[in-house]
Amino acid sequence: MAVHILLLLLAVSVATADEDAFIGVNIGTDLSDMPHPTQVVALLKAQQIRHVRLYDADRGMLVALANTGIKVAVSVPNEQLLGIGQSNSTAANWVSRNIVAHYPATNITTICVGSEVLTTLPNAAPVLVNALKFIHSALVASNLDHQIKVSTPLSSSLILDSFPPSQAFFNRSWNPVLVPMLNFLQSTDSSLMLNIYPYYDYMQSNGVIPLDYALFKPLPPNKEAVDSNTLVHYSNVFDAMVDAAYFAMAFLNFTNIPVMVTESGWPSKGDSNEPDATLENANTYNSNLIRHVLNQTGTPKHPGIGVSTYIYELYNEDNKPGPLSEKNWGLFDANGDPVYILRLTGSGSVLANDTTNQTYCTARDGADPKMLQAALDWACGPGKVDCSGLLQGQPCYEPDNVIAHATYAFDTYYHQMRKDPAACNFNGVAAITTSDPSHGSCIFPGSLGKNGTMANITAPSLNSTISDSSAYKIYGSGSLRSILTVIRLLVWGVVFL
């Protein structure tokens, strides 16, 4: 069975100062088999992803992100916006419950109030600025307004006549909302949040926008787009849209608000009428975008000033409605396997922790506990895995359950067999993953084992013991356990050999 043997290192912000641009990822949850928050965090840590954006303020995710140092942008969902925008006390309660209760253990840096409200929920537009102010006031009351910024992601479709960028302006019908919103952002030193999708710009251009221009591919000067007013050359759609936002704000007399891109990406699969939603194009776009941001390239209007950007998105969301492309924006599938391996050569120190050959063998989610126990017995017996690390008092004894112990044994055997994919099956109860299962002082074979220890990735539900917990604790003394072990090994030795 074909498996990914290359581990994706998404992005480490190489920031040496707070103002340096970073790459983060959006974490959508519209999956039929959404990983547990602790598994999500383990993937983030294994990939060295240091910035994430949530589409809500899910307590499980915020708890799992605690003490990781990962910088978190949380969101007020659109469905909660009307209540918060109409009531200061509702906003205060939201901040108390979702921010104060988790900060500073969870490094919350940003609150996104709604998402593309003006274009997707226009009836809430009249209360959007109030919602921003009420949330900010609650932060002020908790002395958190300097640590946590407040803004709202906007669709780039609000910018009209986006090329040439120097002529761009916001849809004037929204000026009664945009002007006070920009005043708020300026007064609180917050960013204008913008969702930029060159894929859609390309698809809707009827051939006017070349594919290479949308994908950040190098263009000769005579193929670059030229702003006829400034004579500035643009080599990609992304920069042109960011500068269009700067010019649109300047048109309203706001010239010192930075732009942050809260969503950008490219789908890896599409329907028959979406021929450019391919693995190759998704890889090209996101690889080039990451390199562009982390190199602090900036835009023609603001060269050298990088634009912090969140990739859309971490996982493919198979439950998303709409065309096939809507389900395939993710960098990973639900098992934590990369959809494609980003090409980040030339990104400077972003590849300092390259983990291209780091894969692990873990117990498969939902596997039958008795099957896991039998496979564990085989690995620690005929499989010749040294399972002494699972003895009570040893680093990998906790969590004391069959899933955690089986994962340790499976991964050790897998590495003993030089990561042969066939060595990670165990009658269907094991799977290869890019997520490092190391936790605390329990470091698994092949783990980086640096920059601190990994978080315990075992979900709370996995910490409960199965009904016959004594049956799998085969490492202690006792004749009964020895007899049971021998019987299991005789039976399952046939299965696995």
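The structure is a predicted model, in which local features need pLDDT of at least 70 and side-chain atom pairs count only at pLDDT 80 or more, while totals for chains, interfaces and linings use all residues. Residues are numbered from 1 along each chain as its sequence is written, and side-chain values use heavy atoms, with hydrogens and water left out.

The protein contains 14 helices and 15 strands; helices (H or I, at least four residues) and strands (E, at least two) are DSSP runs, numbered from the N terminus. Of its 497 residues, 55% are buried. Here buried means under 20% relative accessible area and exposed means over 50%, with partly exposed in between (1.4 Å probe, protein chains only). The accessible surface amounts to about 20700 Å², and carbon and sulfur atoms account for 53% of that area. Accessible areas come from the Shrake-Rupley method with a 1.4 Å probe, and for residues only the protein chains shown count as cover. Contact is taken as heavy atoms within 4.5 Å. Among contacts between residues at least 6 apart in sequence, 72% join residues at least 24 apart.

Now to the interior. In soluble globular proteins, nonpolar side chains tend to be buried together. A nonpolar core is defined as a set of buried Ala, Val, Leu, Ile, Met, Phe, Trp, Tyr and Cys residues joined through side-chain atoms within 4.5 Å. The largest such core holds 106 residues, and I111 and L192 have the most contacts inside it. Helix α10 (residues 237-251) gives the most to this core, contributing 10 residues. A second, separate core has 27 residues, including A406, Y408, Y413 and C424. Leaving aside neighbours within four places in sequence, the contacts of I111 include V74, V76, W94, I99, I135 and L139.

A cis peptide bond with omega of about 10° joins Y312 and E313, and E313 is found in the loop between β13 (309-311) and β14 (360-363). Another peptide bond, from E398 to P399, is cis with omega near -5°; P399 is found in the loop between α12 (369-380) and α13 (402-416).

Positive phi values in residues other than glycine occur at N206, with phi near 55°, and at Q296, with phi near 55°. N206 lies in the loop between α8 (198-203) and α9 (211-214), and it counts as exposed because its relative accessibility is 74%. Q296 lies in the loop between α11 (279-294) and β13; at 19% relative accessibility, Q296 counts as buried.
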